[in-house]
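I opened my notebook beside the model. These are my entries on what I looked up.

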Amino acid sequence: MDQVERARDLARLLLAEPIPRRWFHSQGVGRKAESVAHLVGEDAEALVCAAWLHDVGYSPDLVKTGMHQLDGARYLRDVADADELVCRLVAHHSCSIIEARNRGLLDQLEDEFPAVGGVASDAITYADMTTSPVGKPVDVEDRLAEIIARYGDGDLVAESIREASPRIIASVRAIVTLNGAG
């Protein structure tokens, strides 16, 4: 079984029954990552695997810190024995560094999972932030507004996303441009 199929199956196992909307979203993110994987060269498989797995930290059995990026990456590293780059992409997807700082988890995030820069980081952010909660394509601005509205003003996640918005939009635009659709 190839790595992408394993990642998809693991995401389905962890998300489909307990939180089906996350599973729908993850399916859309996986498909979106597949459409831009050619942009990251030899990291294409890791990108697509990370896209399928990016939200597994929401699975009720995995929640430890309340930061899904970190909880998911720890599970993937410690239990699923996932590739290091996959774990790092999951840990840092969609500018999670800001949420980590706001939660007091920045040192843990950075010590355990060094940031991934460049096109791979932009690509996973693009895939996540242009996919609706039900797995449909959406404009990044609409996705950001939906997240902020869902969590509500003053919520740590909403405020972290609000602060990260310029970086997230820049990542999405970079991938759109590289992919020739910009």
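I began with a term: a salt bridge is a side-chain nitrogen of Lys or Arg within 4 Å of a carboxyl oxygen of Asp or Glu. Arg74, Arg77, Asp78 and Glu112 are linked in a network of such bridges.

I noted what I was working with. The model is predicted, so local features need pLDDT of at least 70 and side-chain atom pairs pLDDT 80 or more, while totals for chains, interfaces and linings use all residues. Residues are numbered from 1 along each chain as its sequence is written, and side-chain values use heavy atoms, leaving out hydrogens and water.

**Entry: salt bridges**

I found 14 salt bridges in the structure. In the one between Arg77 and Asp78, the closest N and O atoms are 2.6 Å apart. I then checked accessibility, where buried means under 20% relative accessible area, exposed over 50%, and partly exposed in between (1.4 Å probe, protein chains only). Arg77 is partly exposed at 32%, and Asp78 is exposed at 52%.

Next I looked at Glu146 and Arg143, which meet in a salt bridge at 2.9 Å, N to O. Both lie in helix 9 (residues 140-151), 3 residues apart, about one turn of the helix. Helices here are DSSP runs (H or I, at least four residues), numbered from the N terminus. An α-helix has 3.6 residues a turn, so residues three or four places apart point the same way. Is Arg143 buried or exposed? Arg143 is buried, at 4%. Glu146 is partly exposed, at 23%.

Glu159 and Arg162 also form a salt bridge, with the closest N and O atoms 3.3 Å apart. Both are in helix 10, 3 residues apart. Glu159 is partly exposed at 30%, and Arg162 is partly exposed at 37%.

**Entry: helix 1**

I checked the length of helix 1 (residues 3-15). The expected span is 1.5 Å times one less than the number of residues. Its 13 residues should span 18 Å, and the end C-alpha atoms are 18 Å apart, which agrees. Val4, Ala7, Leu10, Ala11, Leu14 and Leu15 are buried in helix 1. Seen down the axis, they fall within an arc of 125° (taken from the directions from the helix axis to the C-beta atoms), so they line one face.

**Entry: cysteines**

I searched for disulfides, meaning pairs of cysteine sulfur atoms within 2.5 Å. The whole structure has 0. Cys49 is buried at 6%, and Cys87 is buried at 3%.

Technical notes. Helix = DSSP H or I, 4+ residues; strand = E, 2+ residues; numbered from the N terminus.
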